[in-house]
Amino acid sequence: MSSLAKNYKRRKLSFASGKGSFLYTKSGAKYLDFVQGIAVNSLGHTNPTLVNAINKQSKKLWHVSNSFIIPEGEELARKLTNKTFANAVIFQNSGAEATEAAIKVARRYFYSIGKPEKNRILCIKNSFHGRTIATINASGSEKMTEGFGPKVAGFDHFKFGNHNELKKKITNKTAAIMIEPIMGEGGIKVIPDWCLKELRKICDKNKILLILDEVQCGIGRTGKFFSYEYAKIKPDIVPIAKGIGGGFPIGAVLMTKKVSAGMVPGTHGSTFGGNPLAMAVGNAVMNEIFKKGFLGKVNSNSKYFISELNKIKNKFPKIIKEIRGKGLILGIQLHHDQTKFINSLMKNKLLTIKAAENVIRVLPPLNVNKNEINMALKIITKVCNSYQK
Ligand SMILES: *Cc1c(COP(=O)(O)O)cnc(C)c1O
């Protein structure tokens, strides 16, 4: 009997070790892991560079309070701002903390310019921004908020794709629009570039902030460092997490100089956020992702993977409805419930994970190679074939 609470539906499978794209059980069974902790292990399991970084830092210094200067954090913040729209960073430990911090930053900005009434955040109905009390209310999902007490005020919602509703829901109390450029849990739904451009214009026109939740789709996942770069726009606030720590829990909120002005000493904090051990790993992840050719390879592998997945789709149009996604955040949408298909993939030693809308999420490590992609394609084809019978 497990002493853990039953808040997860766990598979009857556990692993003893991992290397790159693969996981191994205690008895030595080998699985191709195209979940990677849900886009967390961006450089695969036990990446030697990261192992080295964490070993080195673990012998020097693990944790000091944020009441002191933390050079490793200064360095990671500098790397993040040098490569992006942002001028300032606050480190956290998770995605939900990062999205909550994003909400705080947006509200505090308007407070600091004498407009405290502008505090409402407009989000897509049934989106995903984390599991804290505030972020489940941001998501606007009945399922996620059920049983968790009074609704947290300050959030409005519009239906995905309903631009008229979006415009109508903006009032003089709106502080920001917060969306995921690619809805991960929502079924790998990509917000088109023209739509992001339009959103930017709407925000500018209404003098409100654009928060892009890149917790899942950021950090090289789409083949650019941030997925919004495809739309050639600049957001005001971007929460990140998953991929930045390569498996070590790190979250952060990135912001422009303008909005950071509200975050004066004492306004926000975190005991663990940005400690030297976490920051050492984050720096190593950034160094790898910005190595020459790294993102180019993500893109060429993605192109190959997507085109081969579409060939499988065309061969099995009664099973696969659509191939979704960008870079290496991919979705195979089935016509029917995907549970059985995912279980069959797992029996064939390929690990994938569910998302909404009958989608099978495929999240290989960013440094996956073509052989591994071919292995996955072969297993997916095999499972499709077994469905035909
Ligand atoms: C995973 C995720 C979160 C929450 O991250 P946690 O680390 O689980 O708190 C928030 N937003 C998006 C888009 C995510 O994918």
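**Entry 1: helix 12 and what follows**

I began with helix 12, residues 339-347, and found Phe 341, Ile 342, Ser 344, Leu 345 and Met 346 buried in it (buried is under 20% relative accessible area, exposed over 50%, partly exposed in between, with a 1.4 Å probe and protein chains only). The model is predicted, so I note that local features need pLDDT of at least 70 and side-chain atom pairs pLDDT 80 or more, while totals for chains, interfaces and linings use all residues. Residues are numbered from 1 along each chain as its sequence is written, and side-chain values use heavy atoms, without hydrogens or water. Helices (H or I, at least four residues) and strands (E, at least two) are DSSP runs numbered from the N terminus.

Just after helix 12 I looked at the backbone of Lys 349, which takes a positive phi of about 70°. I then moved on to Leu 351, which lies in strand 15, residues 350-351, and which counts as buried at 8% relative accessibility. Its C-alpha is 6.8 Å from the C-alpha of Tyr 31, although 320 residues separate Leu 351 and Tyr 31 in sequence.

I next traced an open sheet of 4 strands, which run in the order 13-14-17-16 with antiparallel pairing (two strands pair if DSSP finds at least two bridges between them). Strand 13 (320-326) and strand 16 (353-355) are at the edges with a single partner strand each, so one side of each has no neighbour in the sheet. From one strand to the next the twist averages 30°, with axes fitted to C-alpha atoms and angles running from 0 to 180 degrees between N-to-C directions.

Strand 14 (residues 329-334) and strand 17 (residues 359-362) are joined in the antiparallel sense over 4 bridges.

I then asked which way the side chains of strand 17 point. Val 359 and Arg 361 point one way, Ile 360 and Val 362 point the other way, and all of them are buried. In general, side chains of a regular strand alternate between the two faces of the sheet.

Asn 358 counts as partly exposed at 25% relative accessibility.

**Entry 2: the ligand**

Which residues are around the ligand? I listed Ser 94, Gly 95, Ala 96, Phe 128, His 129, Gly 130, Glu 180, Asp 213, Val 215, Gln 216 and Lys 242, taking a residue as near if one of its heavy atoms lies within 4 Å. By class the shell divides into 3 nonpolar, 5 polar and 3 charged residues, where Ala, Val, Leu, Ile, Met, Phe, Trp, Tyr, Cys and Pro count as nonpolar, Asp, Glu, Lys and Arg as charged, and the others, Gly among them, as polar.

I then looked at polar contacts (pairs of N or O atoms within 3.5 Å; within protein, one must be able to donate a hydrogen and the other to accept it, and residues adjacent in sequence count only if both atoms are side-chain atoms). A polar backbone atom of Ala 96 lies 2.7 Å from an oxygen atom of the ligand, and a polar side-chain atom of Asp 213 is 2.8 Å from a ligand nitrogen atom. A side-chain N or O atom of Lys 242 is 2.6 Å from an oxygen atom of the ligand. Taken alone the ligand exposes 380 Å², of which the protein buries 82% (Shrake-Rupley areas, 1.4 Å probe; for residues, only the protein chains shown count as cover).

**Entry 3: other residues looked up**

Is Ser 42 buried or exposed? Ser 42, in the loop between helix 1 (36-39) and helix 2 (48-60), counts as buried at 1% relative accessibility, and its side chain reaches the backbone oxygen of Gly 243 at 2.8 Å.

Lys 232, in the loop between strand 10 (209-212) and strand 11 (237-240), is exposed with a relative accessible area of 73%, and this non-glycine residue has a positive phi of about 55°.

Leu 210 lies in strand 10 and counts as buried at 0% relative accessibility. Leu 210 and Leu 199 are 11 residues apart in sequence, and I noted 7.8 Å between their C-alpha atoms.
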